[in-house]
Amino acid sequence: MQRVTLENLTDYARHVLDMAVSNADSYPVTSTVRLPGLNLTVHAGHGPLADAVEHAFVRAPDSQIPSEECRIFVGHPGIGAVPEPAAWGHEHFTPQSFASKLADAGLRGSYFYDLDFWQFYDPRRRVGAQLMRSADSFPPWEPGAPLRAFLHWEYAARGMRLAHAGTLGIDGRGILLAGAGGSGKSGTVVAGLLNGLDSVGDDYVLADIAGGVAAYPLFATLKQDPKGFRRLGLQHRLKSQGPLNWQGKHQFLLENIAVQTTPARLDIVALLVPSIGGGGASSIMPVSRKDAMIALAPSGIAQMPGERESGFRFFSELTRLLPCYRLSLGTQPEEIASTISEFLARGNS
């Protein structure tokens, strides 16, 4: 098996990209997805990732951002002449040195050590390649937000970012919800959707800070742990429920519960940091910019390969542009949604 080190990493990345393009006619599935400012064409084999590309994205009806063409090849040795993925050599692997080496050559990439799962992206050509051992040899989080690393690299090159945040809004104005796992972020998004609010997504949304803060939808995936699933009454709304995902959570789509069509964009007017309250009514109180930054930035940067310094600058500027609040959550979904709706209607954000 070929071994890759920092010395030959750039050559290997270019080889994988060129190999993917030269086998373009061998991929049995080609899907085109229109995203904000991006026409994404994905070449893949049959399997769960091709299915995820079909269902996990929110397709942009008419983007206000100038569109670019991007091609991603999702390959494994069962497709054409796609080779076995190489393994990392015997030297210590660090994501920072890996990303830095590729960035020096104008490339982006990531490597998931346990599976020899490679992703390389050439921002200049807007071509990416994902190389796996087989059709189902990928990290367990990949189907929920497929190809997110490629989208991260493409949008970061254009001054935007994938933010690890939820969203809720009404009449085109909205809030970002940022917090660590267990803070109530995803449950708040679902509570809002069930009670008449809009959302452009939970977990990962596209954030743009040019001319104010705006959020755009990318992924349609929503998640809830079994306790939240029952509390929100989702077992009565979702007719079919698949197995729990790798986090032990139910996974479903925006369209399964949203009353309205997903808006093309929300103009973000505030950043809210949710926390599980003491059982009373929900409340919204100012929070320091530092606390808001801590809630928003670390997970969004850690879960995206490369672009760390620019990520901190981006999220620092985003929190500077927005008033920041702590949202102490009550226990009733209707009351939580009403509190957020009244907050937006008051315009005191």
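**Close-up views of a predicted model**

**View 1. The largest nonpolar core.** In this predicted model, the largest nonpolar core comprises 34 residues. L35, L40, L151 and Y155 have the most contacts inside this core. At least two residues each are supplied by the strands β2 (29-35), β3 (38-44), β4 (68-75), β7 (117-122) and β13 (214-216), and by the helices α2 (48-55) and α4 (148-156). Helix α4 gives the largest share of the core, with five residues.

**View 2. Packing of helix α5 and helix α11.** Helix α5 spans residues 185-194 and helix α11 spans residues 333-346. Their axes come within 8 Å and cross at roughly 85°. An angle of 65 to 115 degrees counts as roughly perpendicular, and α5 and α11 are therefore roughly perpendicular to each other. On the α5 side, the contact is made by T188, A191 and G192; on the α11 side, by P333, I336, A337 and I340. Five residues of this contact are nonpolar, two are polar and none is charged.

**View 3. Confidence along the chain.** The protein has a mean pLDDT of 92, and 98% of its residues reach 70 or more. Confidence is highest in strand β8 (residues 127-131), at a mean of 98. Helix α9 (residues 289-302) has the lowest confidence, at a mean of 86.

Conventions. Residues numbered from 1 in each chain as written. Predicted model: local features only at pLDDT ≥ 70, side-chain atom pairs only at ≥ 80, totals over all residues. Heavy atoms only, no water. pLDDT = per-residue confidence, 0-100. Helix = DSSP H or I, 4+ residues; strand = E, 2+ residues; numbered from the N terminus. Axes fitted to C-alpha atoms, helices over the stretch in contact; angles between N-to-C directions. Parallel < 35°, antiparallel > 145°, perpendicular 65-115°, else oblique. Contact = heavy atoms within 4.5 Å. Nonpolar A, V, L, I, M, F, W, Y, C, P; charged D, E, K, R; others polar. Core = buried A, V, L, I, M, F, W, Y, C linked by side-chain atoms within 4.5 Å. Buried < 20%, exposed > 50% of the residue type's maximum accessible area, 1.4 Å probe, protein only.
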